[in-house]
Amino acid sequence: MGLYTMNIPERMSTPETVGCSSRVVPTCPSRHCFLATFSRGSHNARPLVRTCVYTPTRIEGQTALKLEAQVVPPANLLNEILAPVKADMEQMNQNLKNVVGNRHPMLMAAAEQIFGAGGKKLRPVIVFLVAHSTAQREGLTELTEKHRRLAEITEMIHTASLVHDDVLDECNIRRGKETINSMYGTRVAVLAGDFLFAQSSWFLANLDNLEVIKLISQVIADFANGEISQAASLFDTDITLEQYLEKSFYKTASLIAASCRSAAVFSDSPVEVKEAMYNYGKHLGLAFQVVDDILDFTQSTEQLGKPQGQDLASGNLTAPVIFALRKSTELLDIVSSEFVEEGALERALELVRETGGIEEARLLARQQADMALASVECLPEGPSRRSLRLMVDYVLERIY
C-alpha cells in the first residue's frame with residue numbers, strides 16, 4: 001500500500017506520526033495504533049474483514065497486539081452506524097422542520113424541500129456519535145442540549161452551503177430531486193441559504209462557548225476559501241496534491257473536523273481528546289471528498305445524478321486526474337486545451353483510468369481513512385465508538 005508524503009497547511013496539521021510497515025498513522029493521545037486491512041488478494045477487492053485495529057496491550061511485561069475485527073455486510077452498514085443515535089436523529093429532524101417557523105410560505109416550502117430531500121444527514125450523525133463517545137469517556141450519563149443544538153447547526157450550515165453551491169453550479173437536481181434554484185429561482189435560493197446561515201449563526205451565538213463559536217465560524221469562511229481556490233485553479237495542470245487536499249479541507253473536511261471537536265468541548269474533554277476528534281473529522285472528511293471525486297469517474301450518469309466526468313469537464317482537477325497527469329503527457333495536452341476537440345473529454349476519462357489515477361486515488365482515500373481510525377482509539381469501547389469506525393468503512397465502501 002502506498003504512502004503519499006505532503007506538506008500539510010497549519011490548520012490541517014496532525015499529531016506526531018509513527019510508522020508501521022509501509023504506512024504512517026497519527027499517534028493517538030493515549031496509545032499507538034497500528035492499522036491493517038485484509039482483502040481477497042487485491043487492493044481493488046472489497047475488504048474481507050472491514051476494519052482491523054491493532055492496539056498494543058501489556059501481557060506479563062511484554063507488548064502484544066490485540067486484534068479487533070469488525071465484519072458488517074455492506075447492506076447493513078448504514079443501519080449499524082445509525083443504531084446508537086437513531087432517537088437523537090429523529091428529534092433533530094423534527095427540530096429542523098421547526099426552524100423556519102411561521103415565516104413566509106415560500107421560505108417554508110423551500111425549507112421543506114431542503115430538509116426533506118432524502119439526504120442521509122451524516123454530519124449530525126457523526127456529531128452525535130462523537131458526543132456520546134466523549135460524554136461516556138468523561139462520565140456523563142446523557143447528552144446536553146448544547147450537543148443537540150450543535151448537531152442542528154452542523155446540518156443547517158451544510159445544507160446552506162449546498163443551496164448556494166447549486167446556485168453557483170446552476171445545478172437542477174440534488175439527491176434525485178429538484179433544487180431550490182430550479183424550483184423557485186436564484187433569488188429565493190440565495191435568500192434560503194442566507195437564512196440558514198443566519199439562523200445557524202444565531203443558534204451558535206446562543207451556545208455561549210467562545211471556543212465553539214470560533215471553530216464553527218471559521219468553517220463558513222473556509223467554504224468561501226474552498227470555492228475561491230477551486231475557481232482559481234480550473235484547468236491548472238500544475239495543481240499539486242497538497243493544493244488539492246487543502247481545497248478539499250476547506251470545502252468538506254473543515255465542517256466535520258470543527259463539529260467533532262466542538263462535540264468533545266461540550267463533553268468537557270481534555271485537550272488531547274478534542275484534538276483527536278478534530279483529526280478524526282478532518283481525515284474522515286478528506287477521505288469522503290477523495291471518494292466523491294473517484295465516483296465521478298467510476299459511476300454511471302444515472303448513479304451520479306449528473307454527467308460522468310462533470311468535474312473534469314468544468315476544469316476542476318481532482319485526485320484521480322492529478323495522479324494521472326504525472327504519467328500522461330497526452331492527458332496534459334487535452335486538459336490544457338480545455339477539451340476543445342470533439343471526443344476530448346471521453347479520451348481524457350479513458351486516460352485517467354488507463355494510467356492508474358483512480359487506483360492511486362483509492363490508496364489516498366485509504367490513507368486518510370486509516371488516520372481517521374487511529375484518532376478514535378482514545379475513546380472508550382461502546383456502540384458509538386464502533387459506529388465511528390464503521391463510518392470510515394461506509395465512506396470507503398462506495399469505491400469498491
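Me: How many helices and strands does the secondary structure of the chain come to?
Reply: This is a predicted model: local features need pLDDT of at least 70, side-chain atom pairs count only at pLDDT 80 or more, and totals for chains, interfaces and linings use all residues. Residues are numbered from 1 along each chain as its sequence is written, and side-chain values use heavy atoms, without hydrogens or water. Helices (H or I, at least four residues) and strands (E, at least two) are DSSP runs, numbered from the N terminus. The secondary structure of the chain comes to 17 helices and seven strands.

Me: What percentage of the 400 residues count as buried?
Reply: Buried means under 20% relative accessible area; exposed means over 50%, and partly exposed is in between (1.4 Å probe, protein chains only). The chain has 400 residues, and the buried part is 53%.

Me: What share of the contacts with a separation of 6 or more comes from residues 24 or more positions apart?
Reply: Contact means heavy atoms within 4.5 Å. Among contacts with a separation of 6 or more, residues 24 or more positions apart account for 70%.

Me: Which residues of helix 14 are buried?
Reply: Helix 14 covers residues 329-336. On the other side, Thr-329 and Asp-333 are exposed. The buried residues are Leu-331, Ile-334 and Val-335.

Me: Which helix supplies the largest share of the lining of the second largest cavity?
Reply: A cavity is a set of points on a 1 Å grid over the protein atoms alone, where a 1.4 Å probe fits but cannot get out; lining residues have an atom within 4 Å of a point. The second largest cavity is lined by Leu-122, Arg-123, Ile-126, Ile-256, Leu-284, Phe-288, Met-391 and Val-395. Helix 4 (122-137), helix 10 and helix 17 (383-397) each supply at least two lining residues. The largest share, three residues, comes from helix 4.

Me: Is Ser-269 buried or exposed?
Reply: Ser-269 is in the loop between helix 9 (241-266) and helix 10 (271-298). Beyond four places in sequence, Ser-269 is in contact with Thr-134, Glu-138, Ala-264 and Lys-274. With a relative accessible area of 8%, Ser-269 is buried.

Me: Which residues does Ser-233 touch, not counting residues up to four places away in sequence?
Reply: Ser-233 lies in the loop between helix 8 (210-232) and helix 9. Ser-233 counts as buried, at 14% relative accessibility. The residues that Ser-233 touches, leaving out those up to four places away in sequence, are Ile-239 and Gly-315.

Methods. On a 1 Å grid over the protein atoms alone, a cavity is a set of points where a 1.4 Å probe fits but cannot get out, and a pocket is an open set with protein on both sides within 12 Å along at least five of seven lines; lining residues have an atom within 4 Å of a point.
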